[in-house]
Amino acid sequence: DWADLGAYQGYSVSSTPRPGAIVSWPAGGIFGRYGHVAIVQSVNGDGTFNLSEYNWIPYGYSERNNVSPAGARFIY
């Protein structure tokens, strides 16, 4: 769990997205048995955020927009 490890190592961890943060989702559901991490590129006025990532699409780079922060933890 990246968020727990980040907090243990002294990083700030929050439920609020911030540009440049690592976003971490726990294992389970659509995030599979390992969870998922990505980088927050920007935050929108409605609280959603835009990200860049690898392996959401198997073995490839992708970008997603207007992602809900629900269930995610952000490491600064």
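**Fold and aromatic contacts of the predicted model**

From the N terminus on, the elements of the protein chain follow the order α-β-β-β-β-β-β, that is, one helix and six strands. Helices (H or I, at least four residues) and strands (E, at least two) are DSSP runs, numbered from the N terminus. The model is predicted: local features need pLDDT of at least 70, side-chain atom pairs count only at pLDDT 80 or more, and totals for chains, interfaces and linings use all residues. Residues are numbered from 1 along each chain as its sequence is written, and side-chain values use heavy atoms, with hydrogens and water left out.

Along the principal axes, the C-alpha atoms fill a box of roughly 30 × 30 × 20 Å. The accessible surface of the protein chain is about 4,900 Å², and carbon and sulfur atoms account for 54% of this surface; areas come from the Shrake-Rupley method with a 1.4 Å probe, and for residues only the protein chains shown count as cover. Of the 76 residues, 32% are buried (under 20% relative accessible area; exposed is over 50%, partly exposed in between; 1.4 Å probe, protein chains only). Among contacts (heavy atoms within 4.5 Å) between residues at least 6 apart in sequence, 41% join residues at least 24 apart.

The six strands form an open sheet in the order 1-6-2-3-4-5, with antiparallel pairing; two strands pair if DSSP finds at least two bridges between them. Strand 1 (13–14) and strand 5 (61–67) are the edge strands, each pairing on one side only. Strands 4 and 5 run antiparallel and are joined by five bridges. L51 has R64 in strand 5 as its bridge partner. The charged end of R64 also sits over the ring of W56, 4.1 Å from the ring centre. A charge is counted as over a ring if NZ of Lys or CZ of Arg is within 6 Å of the ring centre and within 35 degrees of the ring normal. R18 likewise lies over the face of Y76, at 3.7 Å from the ring centre.

Strand 2 contains S24, which is buried at 4% relative accessibility. Beyond its neighbours within four places in sequence, S24 is in contact with D1, W2, A3, H36, V37, G71, A72 and R73.

Five aromatic pairs are found in the whole structure. Rings of Phe, Tyr and Trp (its six-membered ring) pair if their centres lie within 6.5 Å; planes under 30 degrees apart count as stacked, over 60 as edge-to-face and the rest as tilted. The W25 and F49 rings are stacked, because their planes lie at 20°, with the centres 6.4 Å apart. This pair links distant parts of the chain, 24 residues apart: W25 lies in strand 2 (residues 22–25) and F49 in strand 4 (residues 49–54). W25 is buried, with a relative accessible area of 5%, and F49 is buried at 0%. F49 also pairs with F74; the ring centres are 5.2 Å apart and the planes at 85°, so the arrangement is edge-to-face. As F74 belongs to strand 6 (residues 73–75) and F49 to strand 4, the pair ties together parts 25 residues apart in sequence. Both F49 and F74 are buried. Ring pairs link W25, F31, F49, W56 and F74 into a cluster.
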